[in-house]
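The paragraphs below lead through a single protein chain.

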Amino acid sequence: MTQPYRLASGGRIDRDRPLSFTFNGKRYTGYAGDTLASALIANGVSVVGRSFKLHRPRGIVGAGAEEPNAIMQVGSGATVRPDQRATQVELYEGLKASTVSSLWFDLMGINNTFSSLLPAGFYYKTFMWPKNSWPYFERQIRKAAGLGYSPTKPDPARYDKMNTHCDVLVVGGGAAGLSAALVAGRAGARVMLVDEQAELGGSLLSASETINGRPAADWVAATVAELESLPDVRVLKRATAFGHYDHNFVGIVEDCGDYADSANDDNALRHRYWRVRAAQVVHATGALERPLVFANNDRPGVMMASAVSTYINRYGVAPGKRAVVFTNNDSAYQTALDLHAAKIEVAAVVDVRAKPRGELAQRVRAAGVPIYGGHVVANVRGTRRVKRAEVQRLSGEQLTGDRVLIDCDLVANSGGWSPSVHLHCHTGALPVWSDETASFLPPASTEDRRSAGAVTGVNTLRDCLDQGISSGAEAATAAGFKPGAAPDLSVAEAPAEMPIQPFWLVPKGQPMSRGPKQFVDFQNDTSASDIVLAAREGYESIQHVKRYTALGFGTDQGKLGNINGMAILARTLGQSIPETGTTTFRPAYTPVSFGAMAGREHGELYDPVRKTAMHEWHVAHGALFENVGQWHRPWYYPKAGESMQDAVNRECLATRQHAGVLDASTLGKIEVHGPDANRFLEMIYTGGRLKMKTGTCRYGLMLHEDGMIFDDGVTAKLGENHYLLTTTSGGAAGVLRWLEEWHQTEWPEMKVFFTSVTDEWATMAVNGPDSRKIVEAVCDDIDLSRDAFPFMSFREGTVAGIPARIFRISFTGELAFEINVDANYGQALWDAVMKAGEPYGLTPYGTETMHVLRAEKGFIVAGQDTDGSMTPLDMGMQWAIGKNKTDFIGKRSLERPDIVLDSRRQYVGLLPKEPETVLPEGAQLVDHADSERRPSFESPVPMTGYVSSSYYSAALGRSFALALVNGGHKRHGETVYSPQPDGRVIAAEITSPVFYDKEGARQNV
């Protein structure tokens, strides 16, 4: 099949490698090196989509990430990729692309006929009646929008994540980025150079300029080769830096090669998400050409001038047969010259400026192209393709004289250049308006980030190269390296230019709401009249206008239209563009797939199962499991014919009367060491740590800044400036983050280090009156007697011949020994202890029994008996606060008047009046009930508290519960009531939360 718009020669495509592809089911051909967009243009495809709201036919506008119209479904079945920009989809054999809306017959196209009834905000005004109808209308509107659809089958591709550090990160592979990376790389710095295109070089790949007397593309190839040869330089192509966060943390998504691989290989690696921490960042992100706003400027065939040059010079395709160039600056004259060189007729250059006199303009005149100075393209005619342009003289802000009709099928327009400041502003910095360039420039360079090239507003190759070289040298120096040798580059003198004339909107000569639409944001069908309407309706903030009109929303994030929209709003409000300001630039710069963010963390790996070293033993002995965080912990061990309650009763009684054993390996374990470990932990815990002696343990609470309990656990002092912290099983990761946060943000001067060792140790807790005898049977090098090994201490020795650390701590209130060994020996230890315990009836128990045993003693579980609003005072744990401590996290909050109120919710025990009745956990409590066993108050009933833990106790021979009750500490002996959904009301007496062995004698024997 012929390609009617393919040039006979030129471009960087491989004409010896033809490729076949389909678009909306029709077969076409292209070449290796094409994008889907360039191949469609080569085949004469002018309409590539329908607009968001009005369903107008749309064509290709740009050549890169700024493209708002050519948004495709690429692939099919499970490998389909929604909302792909055709300008960035590399062509491959067998590619299948399609649009969501029909290009030829779209019923929703009727919206365009009634466009005057669909202004900005019509959704909010139209679809809010009848009441509660919006969800229905929303679904219909989303269907009509023509956006892509996600695959309905599981994605077979793989996605990876990488974490790395570098000395210098250069974002952008154009002239400035390449020269910056080269200088920094030659200095010996670890350099990462990332660029979103498949080839490095940026605009040099489609330019006719020379470096050192040779085509610029030759210098690009030589520079890339040298960079790839340097040992500490990593070059990433097809990699988009989508977010720049605090402390030079940059998120990058790399498209890992051929689309063909991803389409044809079910196990192909599609995207790799790089999380990069850089000492220095150089932004060489370039600039995006912005359109001019005139009537029907969205018609297929209206394109950005720079995109036209790119398609001609890089891809060897003709975007049209006869062109009109419309501009307010000199750069579009190069497009006219490129069109002329490709033997594409240039019907006219229309320049807003009255007397174009730049050097490029003179070359265009010399080529015989007429130039209409002081004129504008007021309108274009044609529906599915531009057929002619209406040109008219501009006088001030009015159109004068007769309109000149020029036949053409291409309008290449340029309204100036907008530097890509997005990444610069992600951390909150604000861009700076420049009247000279009529654009927002990036904020000033800082100690660890700087800008180079077109993003700074310069527009000559010489300036871009010089800025790249200086920025690369400065970044390398700041990172601690001596600058590398700067390349000696000879570049032809840039042609003299005439200044840009800022021009934001072609006047209509009639009310804005009438006549053809003048589009500002192509993707969201936002027109100039929408912005004027928003201002008239009181939306004067650009942020409000953005949300009311959808300006800058969508996959292109306003890359083309935002500046024009801000300028039109500024003019409407009678203020300057700097006064109007910009919308907020937020990550991501371009869309990022869910797959890239998820990586391999999906399916079975979404929440990985963590198992202890003794897991298989538990399975073999019939344990049922519950999930605690990511851990699979034995819940209980039912025997034949036992219910859950039967099994728990048996396990509880065995532990209270003889001995029980728990796999406690899941408890969080964090080693804290360093010269300032004592000082640091003194601030983290409510209780003192400075006077702890090696070999001792101490229970403690961690509080948030507001004084509320965050976590609890036992601290063991392993040696001078060396501690082991235990945490709740589900809270280990959170505690480690908490420690790191305070160290990094508040006390970075402290020399202290944290290491998670949860997985390094297997732990078994032997509890009960016979526990000492059992442990003595397998340990002969530690004196386990009460006096030699007191409660809340630990010893090191061997158990069953395995090096071990034994703790005398108890979560059951019984005599207990927690044995810790290397996790590789966990099963061997378990087997030895179980064998030693056979004469004593040693019984394994699970988490349900553990909770009953600890609740009988009133021991709390952070996150269950606390809910983020409980202080140590509320829990009756004043004893856990160091009396002489000067400070700790949350201390000042505990002194607030509202924190010490007696009416606060407080920790108590409950004994149901019916001993066999177990209160549901979470049940609400009220103060009164009438004779009909219902609350005496009408709904809603004032709640006096709720049940946090509730069980049946075989040791007590009855049910009991723990609860949080208003003013509960002074209400022991009172009765509260719990209304149930079935109409029952359960009465319970408020008691102390300690139900068993109140003196604590059993754990100290």
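The side chains of D865 and R854 meet in a salt bridge, with 2.8 Å from N to O. A salt bridge here is a side-chain nitrogen of Lys or Arg within 4 Å of a carboxyl oxygen of Asp or Glu. This pair links distant parts of the chain: R854 belongs to helix α24 (847–856), while D865 sits in the loop between α24 and β44 (905–912), and the two are 11 residues apart. Helices (H or I, at least four residues) and strands (E, at least two) are DSSP runs, numbered from the N terminus. D865 counts as buried because its relative accessible area is 0%, and R854 is likewise buried at 0%. The cut-offs are under 20% relative accessible area for buried, over 50% for exposed, and partly exposed in between (1.4 Å probe, protein chains only).

The model is predicted: local features need pLDDT of at least 70 and side-chain atom pairs count only at pLDDT 80 or more, whereas totals for chains, interfaces and linings use all residues. Residues are numbered from 1 along each chain as its sequence is written, and side-chain values use heavy atoms, with hydrogens and water left out.

R904 is buried, and so is D874.

E642 and R650 form a further salt bridge, at 2.8 Å from N to O. Here E642 is partly exposed, because its relative accessible area is 23%; R650, at 22%, is partly exposed as well. Elsewhere, R56, R58, D298 and D525 are linked in a network of salt bridges. A search of the whole structure finds 45 salt bridges.

Some charged residues gather by like charge instead. E705, D706, E741 and E746 make up a patch of negative charge on the surface. Patches are made of residues with over 30% relative accessible area and no salt bridge; like charges are joined within 9 Å, and nonpolar side chains (Val, Leu, Ile, Met, Phe, Trp, Tyr) within 5 Å. The place of a charge is taken as NZ of Lys, CZ of Arg, CG of Asp or CD of Glu.

Several loops carry backbone features. N721, in the loop between β36 and β37 (722–727), has a phi near 60°, a positive value in a residue other than glycine. A800 has a positive phi too, near 55°, and is found in the loop between β40 (794–799) and β41 (802–807). N721 is partly exposed at 21% relative accessibility, and A800 is partly exposed at 37%. The peptide bond from P587 to A588 is cis, with omega near 10°; A588 lies in the loop between α16 (577–580) and α17 (594–598).

As a whole, the protein chain has 24 helices and 49 strands. Its C-alpha trace spans about 105 × 70 × 55 Å along the principal axes. Of its 1005 residues, 57% count as buried. Among contacts (heavy atoms within 4.5 Å) between residues at least 6 apart in sequence, 67% join residues at least 24 apart.

Terms used
Areas by Shrake-Rupley, 256 points an atom, 1.4 Å probe, with all protein chains shown as cover. Lys, Arg positive; Asp, Glu negative; His and termini not counted.
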